[in-house]
Amino acid sequence: MSEPKIAGRGPVKVELKEGETYAFCTCGYSENQPFCDGSHKSADGQFAPKVFKAEKDGPAFLCMCKHTNNAPFCDGTHGSLD
Ligand code: FES
């Protein structure tokens, strides 16, 4: 399995709305980070967005390095990437 593209080396803060569904980009190629814009289709077919529903209104820190073990949220993994 190929590695996702590192879209950023720190999380991005976004405002989520409770009950709303979002498609988080896991491939790193989206031009609409941190959300999917369909670019994964040309990445190599190994990636698909992670669809999730916000559990509450308010800010969230979403992963931009695409190596988190807690997608779509940042878990600090960006700090250990080369
Ligand atoms: S564009 Fe990255 S998962 Fe869709």
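Strands here are DSSP runs of at least two E residues, numbered from the N terminus. With that in hand, His67 sits in the segment after S4. The views below all come from a predicted model.

**View 1. His67 and its surroundings.** His67 counts as buried because its relative accessibility is 19%, and the cut-off for buried is under 20%. Its side chain makes a polar contact of 2.9 Å with the side chain of Glu3. The His67 side chain also reaches the backbone oxygen of Cys65, at 2.8 Å. Setting aside neighbours within four places in sequence, you will find His67 in contact with Glu3, Pro4, Ile6, Thr77 and Leu81.

**View 2. Tyr22 and Phe35, a stacked pair.** A search of the whole structure turns up three aromatic pairs. One of them joins Tyr22 and Phe35, with 5.6 Å centre to centre and 25° between the planes. This pair links distant parts of the chain: Tyr22 lies in strand S2 (residues 21-24), while Phe35 lies in the loop between S2 and helix H1 (40-43), 13 residues apart. Both Tyr22 and Phe35 are buried.

**View 3. Phe52 and Phe73, an edge-to-face pair.** Here the ring centres of Phe52 and Phe73 are 6.2 Å apart and the planes meet at 65°, so the pair is edge-to-face. Phe52 belongs to strand S3 (residues 50-53) and Phe73 to the segment after strand S4 (58-62), 21 residues apart, and the pair thus links distant parts of the chain. Phe52 is buried at 10% relative accessibility, whereas Phe73 is partly exposed, at 32%.

**View 4. The aromatic cluster.** Tyr22, Phe35, Phe52 and Phe73 come together as one aromatic cluster.

Technical notes
Residues numbered from 1 in each chain as written. Predicted model: local features only at pLDDT ≥ 70, side-chain atom pairs only at ≥ 80, totals over all residues. Heavy atoms only, no water. Phe/Tyr/Trp six-rings, centres within 6.5 Å; stacked < 30°, edge-to-face > 60°. Helix = DSSP H or I, 4+ residues; strand = E, 2+ residues; numbered from the N terminus. Buried < 20%, exposed > 50% of the residue type's maximum accessible area, 1.4 Å probe, protein only. Polar contact = N/O pair within 3.5 Å; in protein donor to acceptor, adjacent residues only side chain to side chain. Contact = heavy atoms within 4.5 Å.
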